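I opened the notebook to look up a few charged side chains.

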Amino acid sequence: MSTSALNILLTNDDSWASANIRATYDALKSDGHNVLLVGPAVQQSSTGGTFKLPATNITAPGGEFGTIPVGAPYFGAAVDDPHIWYFNGTPVATALFALDIIVPKVWPHKKIDLVVSGPNEGSNTGPFTFTLSGTIGATYALTERNLPAVAFSAGNGTHRPFTDNTGKPDDPANIVGKLTANFVTALARKVRPGHRILPLGVGISVNYPTFGPGNGCTKPPFEFTRVTRGATVDKIAIDPATGFPIRAPDIATDGINVLINGRKDLPGETPLSAKCKTAVSIFSIDYDAPRDQAGPIQEQLRSIIGKTHI
């Protein structure tokens, strides 16, 4: 497999018109890859693994940043590029529609070598956001569909259209696009022709820090991390002024940071990406608890297994 000619499916949850995904599209194509971009018609952040298909064509107010008129078909291609598409569904639905409908239509004789999801506008660190993020949701959905997939998320959370890209190297969208293209090259470099880029059922979550312009972080080095350790989870409080629930500051709990699987010597992605470093966490789709943890529980429940009561 040549790293200069991968067939890449590019998707996200921030819409097909976001600055990050378009800059990444350009960077991957500049490196010689074949890229098919299929993103949600509108912003779909924090939808996780939600699967929602459209039942109508595009409704008001139209596509994200005014890119799709009201009444347009529920999916379609950019006027100026037949490899850039939108679909009016959640990120998981968009990713699967891309795989099952658009890829055979546009690339009838090509096989997807790699899925790139993102780069998200905002970080997705820790187990809580792993289930909350639409960017990661699309990643594990396509991992479950047998494809090698990598989720990319950036600390820069500004939601902006690709038309606002300054075109300068220090534009955050261009930084994240170039870093993502560099990562893809490294990931595929030693893969032999005909072999998978990642093992079946295994994916990667990459979290960039907040970077340039103005903060001096433009070349954050990649470092291996784990999803747990230093992670936080949401908490709810009551606003004394309104009496309604509000999001309280996140908290770190033992339950979200217990070290069960993987390399326990690695730093956590949450604290590491808070510095000028890029966290690289490898995950698997196998959610079953290890034998040492599951065994005692199975023994405790043995009296009811095969029965409806004790």
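Is arginine 247 buried or exposed? I found arginine 247 exposed, with a relative accessible area of 57% (buried is under 20%, exposed over 50%, partly exposed in between, with a 1.4 Å probe and protein chains only).

A note on what I am reading: this is a predicted model, where local features need pLDDT of at least 70 and side-chain atom pairs count only at pLDDT 80 or more, while totals for chains, interfaces and linings use all residues. Residues are numbered from 1 along each chain as its sequence is written, and side-chain values use heavy atoms, leaving out hydrogens and water.

Next I looked up the partner. Arginine 247 and aspartate 234 form a salt bridge through their side chains, at 3.0 Å from N to O (the term asks for a side-chain nitrogen of Lys or Arg within 4 Å of a carboxyl oxygen of Asp or Glu). This pair links distant parts of the chain, 13 residues apart: aspartate 234 is in strand E9 (residues 233-238) and arginine 247 in strand E10 (residues 245-251). Strands here are DSSP runs of at least two residues, and helices (H or I) of at least four, numbered from the N terminus. Aspartate 234 counts as partly exposed, at 28% relative accessibility. I also saw that a salt-bridge network links Asp234, Arg247 and Asp250.

Then I checked another pair. Glutamate 223 and lysine 277 meet in a salt bridge of 3.4 Å, N to O. Glutamate 223 lies in strand E8 (residues 222-225) and lysine 277 in the loop between helix H7 (269-273) and strand E11 (278-284), so the pair ties together parts 54 residues apart in sequence.
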